[in-house]
Protein chains: 2
Amino acid sequence: MRDVAVVGVGMTRFGELWEKSLRDLYVEAALSAIENSGVDRIDSMIIGCMTSGLFVGQEHLGSIMADYLGIKHLPASRVESACASGGLAFRHAFIEVASGMSDIVMAGGVEKMTDISGDGATYALATAADQEYEVFHGATFPGLYALIAVAHMEKYGTTRDMLAAVAVKNHDNGSMNPNAQYPFKITMDMVKSSVMVADPLRILDCSPITDGAAAVILTTVDIAKKLGKAYIKVTGSGHATDAIALHSRDDLTTIAAATAAADKALKMAGKTIKDIDFAEVHDCFTIAEIAVTESVGIFEPGKGGEAVLKGETALDGSFPINTSGGLKSKGHPVGATGVAQIVEVYKQLTGSAENGRQLKNNPKVGMAQNMGGSGGSSLVHILEVA
Amino acid sequence: MRDVAVVGVGMTRFGELWEKSLRDLYVEAALSAIENSGVDRIDSMIIGCMTSGLFVGQEHLGSIMADYLGIKHLPASRVESACASGGLAFRHAFIEVASGMSDIVMAGGVEKMTDISGDGATYALATAADQEYEVFHGATFPGLYALIAVAHMEKYGTTRDMLAAVAVKNHDNGSMNPNAQYPFKITMDMVKSSVMVADPLRILDCSPITDGAAAVILTTVDIAKKLGKAYIKVTGSGHATDAIALHSRDDLTTIAAATAAADKALKMAGKTIKDIDFAEVHDCFTIAEIAVTESVGIFEPGKGGEAVLKGETALDGSFPINTSGGLKSKGHPVGATGVAQIVEVYKQLTGSAENGRQLKNNPKVGMAQNMGGSGGSSLVHILEVA
């Protein structure tokens with residue numbers, strides 16, 4: 001396999017973008033990534049998108065996005081793994097460059113979530129759970145993650161304050177991200193007094209419904225050197241699935257797919273979790289960030305909540321988590337999220353994170369962990385300074 | 001890139017399978033392929049499916065199918081390119097094996113189309129066209145292909161009889177396929193007097209709504225040799241897109257994405273179209289088969305219809321097309337179709353096609369051409385006797 005680099009990134013602002021369509025969003029991010037990287041062509045494109053069919057009645061994204069980018073006959077694929085679709089796009093772009101099939105590949109992600117009416121978004125997102133054994137019976141994602149939260153609290157004594165601290169920390173970081181949907185700070189009291197969604201999760205424990213897109217350019221390290229712009233290396237890629245339905249999991253408090261994906265990615269990179277300087281992780285709900293940081297080995301099982309409360313995952317902590325603001329503050333256009341995580345890791349590793357959220361400790365190795373459904377799939381990537 | 005082989009295939013019967021769900025269908029085909037190939041594991045799985053979100057409210061297919069196959073933590077991806085989703089799954093499985101990322105990869109395809117009520121299937125399929133510029137204004141696929149048919153008739157003098165001959169020939173072949181949805185012969189008069197759908201296309205010019213799944217196992221040629229079972233080589237893979245909307249195409253009578261994909265696949269295989277012995281092509285409508293056989297170079301532009309009428313594409317013709325019965329007779333579960341094409345090419349090249357449809361001329365090289373939408377994307381693969 002050839003050595004692979006990320007040579008440029010782009011993304012739209014995340015938010016309720018009424019004036020922009022699915023294709024507008026994708027093309028904006030894609031052109032931004034092409035310009036940022038300095039490449040004069042792409043050979044292939046992999047698009048992560050969860051469910052544009054349900055959100056806006058449009059499938060066949062490879063065709064429509066290549067068409068609207070104006071790149072005739074471009075091989076363009078759409079991949080889907082629920083909210084991990086972006087991470088999956090990145091992995092397939094990585095494999096395609098590593099294989100020698102293509103030299104310059106764009107990995108993009110997009111979701112247009114605010115055009116659907118009523119409770120349509122809740123139904124569309126629920127297709128990431130087991131339709132026949134969960135959704136049909138009334139379970140949707142806030143409820144499923146609430147079950148995980150209750151189990152975590154029961155088993156480990158995780159507290160309401162620990163959950164709230166995740167949201168407060170991510171809004172602190174997101175307040176410095178010009179692309180964030182909610183670029184403002186919140187307080188512990190605001191989280192704890194916000195409206196209840198699914199006990200114990202309140203609205204400020206939940207990531208929002210978001211429109212947005214992100215794109216990154218992957219190529220060989222050899223080509224990256226010739227481009228003469230900042231680039232980082234992709235040294236590990238891990239992908240794993242788990243039972244889609246919560247009732248089939250061995251343990252509700254662990255995201256086993258994240259553990260398996262992280263183990264594979266770290267092994268491929270020749271690293272352990274102690275070699276990682278910071279991570280973007282999938283905080284679709286506050287409990288998810290805690291469970292994931294434990295599942296990938298950053299903290300011991302049951303110690304993730306305490307670590308947040310102590311500030312260990314803050315920008316100036318021992319292991320910064322979600323410097324971008326995470327899904328919570330930056331927003332969560334589901335198919336774009338995994339790619340936007342790579343955008344943030346690229347920025348941190350190239351020293352270009354905006355508005356004071358650049359890590360001060362000269363980070364060398366970052367991790368991006370993306371997750372589908374209630375943990376039915378996970379993608380983990382390890383990225384390093386060149 | 002490593003040399004890649006197909007070492008085993010499996011598929012369900014195609015049809016209106018009321019008693020089988022999306023996951024039932026996929027798992028049946030997958031287990032059949034695993035058994036047929038003699039592998040004792042798979043390292044990864046790529047699933048082609050167009051729009052299970054709209055058809056049955058289920059996305060996140062990587063997770064649910066790995067789960068129901070009982071393979072813990074399997075990396076499993078879903079890919080989508082409308083009706084070319086199966087061909088796209090095969091391509092990504094090919095790239096993954098060729099890259100060295102995985103040694104044994106399943107490419108599967110599935111669609112459960114008959115559980116949706118009313119005109120839901122027509123709407124779901126229309127998401128492969130341009131939602132904003134075609135579908136919103138009332139265009140669905142029979143109408144779009146009717147435009148192609150009218151243009152072809154105007155430009156080349158293609159006749160009603162030529163279209164009908166495609167359907168009759170494919171039903172002749174499909175009558176010998178035990179997995180076909182419509183395994184019976186039809187006559188020219190039956191096609192020409194069947195109910196009008198979109199002038200000039202009648203119901204017997206159209207492929208049906210189908211439930212079904214197919215799967216194939218890809219591995220390295222080195223591993224294939226050790227398995228000791230029949231295998232074939234994958235020597236060419238081509239993928240291209242084109243404008244998603246008909247009004248943006250240079251020429252309505254040509255499928256430019258198929259031309260571009262075939263050119264790439266043939267170049268990779270070091271072959272010309274004259275080296276190909278037979279092909280499975282995407283006959284979603286009778287006019288599609290004629291346009292595709294011309295677009296990939298089997299016949300000169302405007303000569304495809306005449307060739308069918310003369311029997312050149314029949315089982316005993318000079319260039320047999322759709323020996324399986326094609327989408328018309330075998331059925332068209334959209335995400336599965338591209339993989340089912342590979343199943344047929346594998347059977348023909350290993351001499352195992354059932355019930356008298358085995359080609360007699362000892363074929364050495366086959367082509368599979370899969371198409372999305374009205375030609376917005378196409379996948380072409382070249383497969384050869386080992």
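This is a predicted model: local features need pLDDT of at least 70, side-chain atom pairs count only at pLDDT 80 or more; totals for chains, interfaces and linings use all residues.
**View 1. The interface between chain A and chain B.**
Chain B gives 65 residues to the contact, and chain A gives 65 residues. Between them the two chains bury about 4,800 Å², with 50% of that area on carbon and sulfur atoms. On the side of chain B, the residues that lose the most area to chain A are B:His60, B:His73 and B:Met101, which together account for 15% of what that side buries.

The rule finds 8 salt bridges between chain B and chain A. One of them joins the side chains of B:Glu132 and A:Arg23, at 3.9 Å from N to O. The elements of chain B that give two or more residues to the side touching chain A are α2 (52–56), α3 (61–69), β3 (76–80), α4 (85–99), β8 (232–241) and α10 (256–269). By residue type, that side of chain B divides into 29 nonpolar, 23 polar and 13 charged.

**View 2. Strand β3 of chain A beside β3(B).**
Strand β3 of chain A, residues 76–80, is joined to β3(B) by 3 bridges, and the two strands run antiparallel. In this pairing A:Val79 stands opposite B:Val79.

A:Ser99 is found in helix α4 of chain A, which covers residues 85–99. Is A:Ser99 buried or exposed? With a relative accessible area of 6%, A:Ser99 is under the 20% cut-off and therefore counts as buried. Leaving aside residues up to four places away in sequence, A:Ser99 touches B:Met1, B:Ile95 and B:Ser99. Within chain A, a polar atom of the A:Ser99 side chain lies 2.8 Å from the backbone oxygen of A:Glu96.

**View 3. Strand β10 of chain B and its two faces.**

**View 4. The partners of β10(B).**
Strand β9 of chain B (residues 278–280) runs parallel to β10(B), joined by 3 bridges, and B:Phe278 stands opposite B:Gly366. Strand β11 of chain B (residues 377–385) runs antiparallel to β10(B), joined by 8 bridges, and B:Met371 stands opposite B:Ser378. β10(B) and β11(B) form a hairpin with 4 residues between them. In the turn, B:Gly373 has a positive phi of about 60°.

Technical notes
Residues are numbered from 1 along each chain as its sequence is written. Chains are lettered from A and ligands numbered from 1 in the order in which they are written. Side-chain values use heavy atoms; hydrogens and water are left out. Contact means heavy atoms within 4.5 Å. Buried area is the accessible area (1.4 Å probe) that two parts lose on being put together, summed over both. A salt bridge is a side-chain nitrogen of Lys or Arg within 4 Å of a carboxyl oxygen of Asp or Glu. Ala, Val, Leu, Ile, Met, Phe, Trp, Tyr, Cys and Pro count as nonpolar, Asp, Glu, Lys and Arg as charged, and the others, Gly among them, as polar. Two strands pair if DSSP finds at least two bridges between them. Buried means under 20% relative accessible area, exposed over 50%, partly exposed in between (1.4 Å probe, protein chains only). A polar contact is a pair of N or O atoms within 3.5 Å; within protein, one must be able to donate a hydrogen and the other to accept it, and residues adjacent in sequence count only if both atoms are side-chain atoms.
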